[in-house]
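Visitor: I would like to go through this model step by step. Please show it to me.

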Amino acid sequence: MNVDKIMVIGAGQMGSGIAQVCAQASFTVVLNDLKPEFVERGLVGIEKNLARQVSKERITEDEKAAILANITASTNLVDAGTVDLVIEAAVENMAIKASIFKELDEIAPAHAILASNTSSLPITEIAAATTRPEKVIGMHFMNPVPVMKLVEIIRGLATADEVYKTIEDITKKLNKVPVEVNDFPGFVANRILMPMINEAIYTLYEGVATKEAIDDVMKLGMNHPMGPLTLADFIGLDTCLYIMETLHEGFGDDKYRPCPLLRKYVKAGWLGKKSGRGFYEYA
Ligand code: CAA
């Protein structure tokens with residue numbers, strides 16, 4: 001399958017990162033969000049990242065301009081009418097994703113692949129909102145997208161081999177490493193990462209150690225680039241809670257029970273770096 005034009009839905013941190021790496025790999029990119037100011041904010045972030053690469057002499061000013069020229073802004077899903085691939089990175093809510101995929105199914109050309117960057121929602125259920133479940137697949141990028149090498153590629157129950165192969169090839173073109181995963185709650189990344197983060201929160205909750213001590217143990221003792229509480233703030237505590245709830249509900253096992261302290265912080269609006277406060281405070 002030939003893919004030249006990609007629509008990315010959602011111009012937040014993940015969506016704009018995905019749009020950037022696609023544009024850098026010379027794909028034609030349509031960056032879509034609900035409002036022009038959301039798309040604009042995403043484009044400003046991409047421009048800043050590219051400017052940093054220019055200052056480090058990794059790309060030239062001309063290359064930066066060419067990458068930015070590969071991206072056009074959109075606030076209407078009708079623009080999916082001419083694309084070969086859609087990568088959806090909207091909010092983690094099944095009802096919203098199902099409605100986006102239903103609409104895309106009506107608009108996108110018959111050959112187009114519909115991918116979701118969901119971090120834990122079932123691809124098979126998202127696919128069921130369409131009449132082309134064989135062309136629906138998970139493409140789970142890691143944050144920050146321009147830096148992290150992994151893309152978890154999730155096969156839904158009906159995903160066609162040819163579609164998997166196309167997405168694997170595109171991932172390599174994006175200079176990322178594809179890893180094949182089946183459709184179970186949390187896939188692999190978050191099934192392993194989130195219980196570790198949740199356990200770190202329990203460790204704090206039970207007064208075993210201070211937040212700094214917990215992070216130091218994991219950073220210095222296990223060589224993690226960030227301690228688990230710093231990482232939770234970086235990911236967003238609402239996202240962490242949502243993923244833990246998905247694991248808890250999906251497996252029905254109490255070992256995935258979200259820590260009450262995590263719930264409390266989310267209820268307080270302490271969502272981590274993005275809200276200025278989580279386990280740590282951010283200026
Ligand atoms: N966008 C683009 N580039 C970024 C960036 C961002 N948001 N943040 C950092 N970078 C770049 C920097 O420019 C720098 O680039 P160069 O090496 O080319 O100069 C490089 O990354 C390293 O950055 P720093 O020196 O500022 O800081 P660092 O060495 O501490 O690295 C980090 C920052 C890459 C974020 C590192 O701390 C890290 O790897 N943290 C863990 C990240 C992680 O685990 N991500 C997965 C989260 S889980 C997920 O995403 C899935 C999910 O579903 C929840």
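Visitor: In which loop does N175 lie?

Guide: This is a predicted model, where local features need pLDDT of at least 70, side-chain atom pairs count only at pLDDT 80 or more, and totals for chains, interfaces and linings use all residues. Residues are numbered from 1 along each chain as its sequence is written, and side-chain values use heavy atoms, with hydrogens and water left out. Helices (H or I, at least four residues) and strands (E, at least two) are DSSP runs numbered from the N terminus. N175 lies in the loop between helix 6 (161-173) and strand 8 (177-182).

Visitor: What is the phi of N175?

Guide: N175 is not a glycine, yet its phi is positive. The value is about 65°.

Visitor: Is the peptide bond from N143 to P144 cis or trans?

Guide: P144 is found in the loop between strand 6 (136-141) and strand 7 (150-155). Omega for the bond from N143 to P144 is near -5°, and the bond is cis.

Visitor: How many residues surround the ligand?

Guide: A residue counts as near a molecule if one of its heavy atoms lies within 4 Å of it. The closest are K56, R58, H140, N143 and N190. The number of residues surrounding the ligand is 18.

Visitor: How many Å separate a polar side-chain atom of K56 from an oxygen atom of the ligand?

Guide: A polar contact is a pair of N or O atoms within 3.5 Å; within protein, one must be able to donate a hydrogen and the other to accept it, and residues adjacent in sequence count only if both atoms are side-chain atoms. In the side chain of N190, an N or O atom is 2.9 Å from an oxygen atom of the ligand. R52 has a side-chain N or O atom 3.0 Å from a nitrogen atom of the ligand. For K56, the value is 2.2 Å.

Visitor: Why does the ligand lie between domain 1 (5-182) and domain 2 (190-274)?

Guide: Domain bounds come from an automatic or database domain assignment. The ligand lies between the two because residues of the shell around it come from both domain 1 (5-182) and domain 2 (190-274).

Visitor: What is the radius of gyration of the protein chain?

Guide: The radius is taken over C-alpha atoms, and the globule rule is 2.2 Å times the number of residues to the power 0.38. With 283 residues, a compact globule would have a radius near 19 Å, and the protein chain agrees with this, at 19 Å.
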